[in-house]
Amino acid sequence: MLLLAFIGLALKSIGLVKPENLSGEFTGFLEFYKSHIVVDQEKFHIDEIKSIEITNNDYYGKPNGATGFASSLSNGINNQILLRFNSGISKSYNFELYNESDMEKVEEELFSYYSQGKIDFFELVKILKIKSKTEIEDFRNKLALLK
């Protein structure tokens, strides 16, 4: 009985250090530029976009709370960008984040989208993971200086 418990613990430990397997494949990249966004080689000009929403709460290696023998680390693919176009069409894409703070790398482009009215202030705060009231006010002041 003790041997079975030890084997179970060892198998669970392996799941703790190895992220979930992908059930499919990723193609292309999500690229941000001040004048456009590229998704898997498809280019969308900012002027064509009415609004942008981004959900970026997942990253590679994030604890996912799984129990049993399944991996308890995420593969980082549970993120999404939703582009709403002036034409009324919407397009949604999933993307992978490797690090929790990867969206900070495109902060300048996100600021540009905000200044063009494509991203709401609170959406931008959510994307950049700004949480405390003080940080939000400091961020609001920073954005006011950039306009």
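Two strands count as paired if DSSP finds at least two bridges between them. With that rule in hand, the strands of this predicted model can be taken in turn.

Strand 1 covers residues 30-32, and its pairing with strand 2 is antiparallel, over three bridges. In this pairing, glutamate 31 faces valine 38 of strand 2. Three residues separate the two strands, and together strand 1 and strand 2 make a hairpin.

Strand 2 also has a partner in strand 3, which spans residues 42-45; here four bridges join the strands, again in the antiparallel sense. Histidine 36 has histidine 45 of strand 3 as its bridge partner, and valine 39 lies opposite glutamate 42 of strand 3. Strand 2 and strand 3 form a hairpin as well, with two residues between the strands. In this hairpin, aspartate 40 has a positive phi, near 50 degrees.

Put together, the three strands make an open sheet in the order 1-2-3, with antiparallel pairing. Strand 1 and strand 3 are its edges, since each of them pairs on one side only. From one strand to the next, the twist averages 15 degrees. Strands of a sheet are held in pairs through backbone hydrogen bonds, and the pairing can be parallel or antiparallel.

The side chains of strand 2 come next. In a regular strand, side chains alternate between the two faces of the sheet. Strand 2 runs over residues 36-39; His36 and Val38 point one way, while Ile37 and Val39 point the other way. Which of these residues are buried? All of them are: His36, Ile37, Val38 and Val39.

Strand 2 is also part of what covers a helix. Helix 2 has as its buried residues Glu109, Leu110, Phe111, Ser112, Tyr113 and Tyr114. The cover over these residues includes strand 1, strand 2, strand 4, helix 3 and helix 4. Just after helix 2 comes glycine 117, with a positive phi of about 80 degrees.

How are helix 2 and helix 4 placed relative to each other? Helix 2 covers residues 107-115 and helix 4 covers residues 133-146; the two pack at an angle of about 75 degrees, and their axes are 11 Å apart. Angles of 65 to 115 degrees count as roughly perpendicular, and helix 2 and helix 4 are therefore roughly perpendicular to each other. On the side of helix 2, the contact is made by Glu107, Phe111 and Tyr114; on the side of helix 4, by Phe139, Lys142, Leu143 and Leu146. Sorted by class, this contact has five nonpolar residues, two charged residues and no polar ones. Phe111 and Tyr114, both part of the contact, are also among the buried residues of helix 2.

The last topic is charge. Side chains of opposite charge can pair when their charged atoms come close. The model has seven salt bridges, counted where a side-chain nitrogen of Lys or Arg lies within 4 Å of a carboxyl oxygen of Asp or Glu. One of them joins lysine 91 to glutamate 42, with the closest N and O atoms 3.0 Å apart. Lysine 91 belongs to strand 8, residues 90-95, and glutamate 42 to strand 3, so this pair ties together parts that are 49 residues apart in sequence. Lysine 91 is partly exposed, at 28% relative accessibility, and glutamate 42 is partly exposed with a relative accessible area of 33%.

Another salt bridge links the side chains of arginine 84 and glutamate 53, at 2.3 Å from N to O. Arginine 84 sits in strand 7 (residues 79-85) and glutamate 53 in strand 4 (residues 49-55), so the parts tied together by this pair are 31 residues apart in sequence. Arginine 84 is partly exposed, with a relative accessible area of 32%; glutamate 53 is partly exposed too, at 34%.

The side chains of lysine 126 and glutamate 123 also meet in a salt bridge, at 3.4 Å from N to O. How far apart are these two residues in helix 3? Lysine 126 and glutamate 123 are three residues apart in helix 3 (residues 121-127), which means that about one helical turn separates them. Are the two residues buried or partly exposed? Lysine 126 is partly exposed, with a relative accessible area of 38%. Glutamate 123 has 13% relative accessibility and so counts as buried, the cut-off being under 20%.

How values were computed. Residues numbered from 1 in each chain as written. Predicted model: local features only at pLDDT ≥ 70, side-chain atom pairs only at ≥ 80, totals over all residues. Heavy atoms only, no water. Buried < 20%, exposed > 50% of the residue type's maximum accessible area, 1.4 Å probe, protein only. Axes fitted to C-alpha atoms, helices over the stretch in contact; angles between N-to-C directions. Parallel < 35°, antiparallel > 145°, perpendicular 65-115°, else oblique. Contact = heavy atoms within 4.5 Å. Nonpolar A, V, L, I, M, F, W, Y, C, P; charged D, E, K, R; others polar.
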